[in-house]
Amino acid sequence: MTAIDTDEATRLREAIMSVARAARLHRGDHGLTLTQVTVLGYLDRSGTTTVADLAARMHVRVQSLTVSMNKLDDAAFIVRRTDPDDRRRQLVELTDAGRELLLDDRAKRDEWLAQAMAANLDETERGLMMLCVPLLERLAADRVGQLMPRVGS
């Protein structure tokens, strides 16, 4: 494994964070916090789950999600119910309204990014960016300091 200069890692991190910040500026005006939208996103990707599982994925304590979960429940973006297999646990599920809000939020950010790419990158540069997507996904999957193995290696 080749050592990577931390200056390169810093430049990459800063560039990724700048794009992420710009994308957040183009969220819909739905009044939800980033934490609340993140909860909806996790529920969309994982399906019905427990509050404890959500907290673990988000690296926060269950108590830290209480206000967000209450607001999402009050707005009918999620539904909570008792786990039939373990009545001490609470299951959380995304509602159709929550999914619609999330899809609209994603669509606004995707539209901004598509327009920014069209305005600032030529066809070759857009192709290069798309070649980077699987690499960035592998880096994002690195949760314990160990990169996911390459396919075919």
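## Close-up views of a predicted model

His59 is exposed, with a relative accessible area of 67%, where exposed means over 50% relative accessible area, buried under 20% and partly exposed in between, with a 1.4 Å probe and protein chains only. This is a predicted model, in which local features need pLDDT of at least 70 and side-chain atom pairs count only at pLDDT 80 or more, while totals for chains, interfaces and linings use all residues. Residues are numbered from 1 along each chain as its sequence is written, and side-chain values use heavy atoms, with hydrogens and water left out.

**View 1. His59 and Ala76 are two residues with a positive phi.** Most residues other than glycine have a negative phi. His59, which is not a glycine, has a positive phi of about 60 degrees, and its place is in the loop between H3 and H4; helices (H or I, at least four residues) and strands (E, at least two) are DSSP runs, numbered from the N terminus. Ala76, also not a glycine, has a positive phi of about 65 degrees and is found in the loop between H4 and S2. Ala76 counts as partly exposed because its relative accessibility is 41%.

**View 2. Helix H4 bends at Ser68.** Helix H4 covers residues 62-74, has 13 residues and reaches 18 Å from its first C-alpha to its last, close to the 18 Å expected at 1.5 Å a residue, the expected span being 1.5 Å times one less than the number of residues. The bend at Ser68 is about 30 degrees, taken as the angle between axes fitted to the seven residues ending there and the seven starting there. Ser68 is also one of the buried residues of H4, together with Leu65, Met69 and Leu72. What covers these buried residues includes helix H2 (34-46), helix H3 (51-58), strand S2 (78-82) and strand S3 (90-94), with contact meaning heavy atoms within 4.5 Å.

**View 3. Three strands form an open antiparallel sheet.** The order of the strands is S1-S3-S2, and the edge strands are S1 and S2, each of which pairs on one side only; two strands pair if DSSP finds at least two bridges between them. Strand S1 (residues 49-50) and S3 are joined in the antiparallel sense over 2 bridges, and Thr49 stands opposite Val92 in S3. Between S2 and S3, which run antiparallel, there are 5 bridges; Ile78 has Leu94 in S3 as its bridge partner, and Val79 stands opposite Glu93 in S3.

**View 4. Leu121 lies in the loop between helix H5 and helix H6.** Helix H5 spans 96-120 and helix H6 spans 123-140. Leu121 counts as partly exposed because its relative accessibility is 23%. Leaving aside residues up to four places away in sequence, Leu121 touches Ala116, Arg126 and Met129.

**View 5. The charged end of Arg45 sits over the ring of Tyr42.** The charged end of Arg45 is 5.1 Å from the centre of the Tyr42 ring; a charge sits over a ring if NZ of Lys or CZ of Arg is within 6 Å of the ring centre and within 35 degrees of the ring normal.
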